[in-house]
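This report describes two chains in turn and then the contact between them. Please keep the sequence and the structure in view while reading.

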Amino acid sequence: MSETSLDTPDKDAETSVTEKAYWSQNIRLLCTLMSIWFLVSFGAGILFRDFLDQFAIGGYPLGFWFAQQGAIYFFILLIIIYNVRMKRIERQYDLDD
Amino acid sequence: MTTQTLIYLFVGLSFALYIGIAIASRAGSTKEFYVAGGGVNPVVNGMATAADWMSAASFISMAGIIAFSGYDGSVYLMGWTGGYVMLALLLAPYLKKFGQYTVPDFIGTRYYSKAARVVAVICLIFISFTYIAGQMRGVGIVFSRFLDVPINLGVIIGMGIVFIYAVLGGMKGITYTQVAQYCVLIFAYMVPAFFISFLITGNPVPQLGLGSTVNDGSGLYVLQKLDLVLQDMGFGAYTDGSKSMIDVFCITAALMVGTAGLPHVIVRFFTVPKASDARKSAGWALVFIALLYTTAPAVGAFARLNFIDSVNNVEYAHAPEWFKNWESNDLIAWRDKNGDGKMQLGKGDPFEGAPEFAADTGASGERVVANAAADDNANEVYVDRDIMVLANPEIANLPGWVIALVAAGGLAAALSTAAGLLLVISSSISHDLLKSTFRPQITEKGELLAARIAATAAIVVAGYLGIYPPGWVAQVVAFAFGLAAASLFPAIFMGIFSKRMNREGAIAGMVTGLSFTFLYIGWFKLWSPESNVAANWLFGISPEGIGVIGMLLNFAVAIAVARFTSAPPKEIGWLVDKIRVPRG
């Protein structure tokens, strides 16, 4: 799906290379973070809940804790990490706003 | 001061505050009306988003639902927070960079098609009206119970307040009233939660209290005790739940994706200055929301324990005062099945349907219920789950000002969400239907006037739905999330992440997702409710969770159709490139 057609000037092509590299880094980061998002909610809170419930955090069975508390804390953490990492990636490619 | 005076005082003060803010922040241009001028601080916007998002359902109903469904309630906790990760990572920054006023704006421009824009407007209006009817009912309930005002008058007062700040102030007025409303509602939610957590566990922090031991000397953890007590009474364990795993999975997913696709939430991120502010703002929004959402399961569990303690096997003559208060509001009912004068709780319905009271009173002085008998179980008490949060301060014997605070908080939650919904409805009509589709020559002033008229009309319709709630309203809240997940989310997502997605694919996908989900929910909720049992469901997925399948169908159809039709024009490729990069 190459957007850079032959008739675009060189300068645009260069920008486009930077932008492509930036975008693929963004996609990689997104894949990592969304996998964690899936694991802490659908994984720990639903699919592996019965297994995790044999462990406990205080009075919480672990799977139950993920479903009603932990997943939410992880969600916040994920957004913070994304904010910090993206800022760095955008600066690295000189594309920040 | 009596509790009643305090309630009037708190509610009156909070209303005066909202109106004051509204007058101070009137909108002078369409940009101010649609996106508050686009210069809102990300933290402030996060707070406004939290109030916008947390509705009467979050504030009033959610803890009650969790109290009565235990683990199954997790679908709401994860579903209504996980969507913010999708918003922050996948949608908000790019939509902000796109830089327009509405969600149909994006879909219409990205898919270079008026038809796509109109399909998006239809989805948006349907989703938003379904949602708003519930808010108005919430306003009515709070008014009738706490202020002794008839439900209808309560709804009309609510409409008047929303009218003032939504019509005058547009998004600008709404933003700053929502900030005030967040403060009121979170304070109102946390204060009784601290009290009750301390009362039951000795630990005032509800999130920790739920994981602590009960204060009764038994040494049992709260959740252990709940499991034991409930199993003794014939219920399943609190930490187990009764829904199948696939259903829990799908409902959670439908709520998450639906949240990320709800127009009134998405437009909040159009009000910040920069793309990076949009994702920052989504993070703040989730922090503010999480405060309530991590407290709710604790409130639910404590309320259930408290409720059982103060009602089960207690003589009706000695029933606590709140029990009789809510009974006189039709939300609690007792039928003495075994004639011992005591109230027994248990599994199953005490009688068929919601209580219909006869005029006379029974042997113990209770209101007689005229409903058909349900004698296959020993449960004698009907309780509307919505009252758990509202009655909690009374159940726990908290002081009058806490009760007054909860009343003001419930109203704040309902009004802030209603205002946000009214705004997206009015802007989709004035901006998307008039300005961008049917009347492009309309002036700025004319568009602003049209927006105000549309908002007024929407308030009247919403109020009508609140006063004469059609039977189907409660049945179709599943529509809002399912439809958002199945129609808007995939179109927006692919518009950002796939340059190849074209007009034909997006429209075919939206129409497929929308109609499949609509028909499935409609069939089981409206046309054939008697067949709404797990055995008849597709793959065992309930109507609440079917939006996920609708979403998958949308993606599949869109990708297939796009493959066999021509690629989008070159300008669209440039547009997508521009959206993906924060600078510029």
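UniProt positions are given here in the numbering used for this structure, feature names are shortened, and annotations may be inferred rather than shown by experiment. The model is a predicted one, in which local features need pLDDT of at least 70 and side-chain atom pairs count only at pLDDT 80 or more, while totals for chains, interfaces and linings use all residues. Residues are numbered from 1 along each chain as its sequence is written, and chains are lettered from A and ligands numbered from 1 in the order in which they are written.

**Chain A**

Helices (H or I, at least four residues) and strands (E, at least two) are DSSP runs numbered from the N terminus. On that basis chain A has three helices and two strands, which follow one another along the sequence as α-α-β-β-α. Of its 97 residues, 30% count as buried, a residue being buried if 20 or more other C-beta atoms, placed from the backbone, lie within 10 Å of its own. According to an unreviewed UniProt entry, the annotation "transmembrane region" covers residues 29-48 and 60-82 of chain A; the table gives the computed content of each stretch.

| Stretch of chain A | Helix | Strand | Distance between end C-alpha atoms |
|---|---|---|---|
| Residues 29-48 | 95% helix | 0% strand | 25 Å |
| Residues 60-82 | 91% helix | 9% strand | 29 Å |

**Chain B**

Helix H17 of chain B (residues 444-467) has 24 residues and reaches 35 Å from its first C-alpha to its last, close to the 34 Å expected at 1.5 Å a residue, where the expected span is 1.5 Å times one less than the number of residues. The buried residues of H17(B) include B:Glu447, B:Leu448, B:Ala450 and B:Gly466.

S4(B) runs antiparallel to strand S5 of chain B (residues 367-369), and two bridges join them; strands pair if DSSP finds at least two bridges between them. B:Phe357 has B:Val369 in S5(B) as its bridge partner. Five residues lie between the strands of this hairpin, in which B:Gly365 takes a positive phi near 95°.

**Where the chains meet**

Counting two residues as in contact if their C-beta atoms, placed from the backbone, lie within 7 Å, 44 residues of chain B are in contact with 35 residues of chain A. Helices H5 (74-98), H10 (222-232), H11 (245-261), H13 (275-311) and H22 (570-580) of chain B each supply at least two residues of the side that touches chain A, and H13(B) gives the most, with twelve residues.

Notes. Buried ≥ 20, exposed ≤ 12 C-beta atoms within 10 Å, placed from the backbone.
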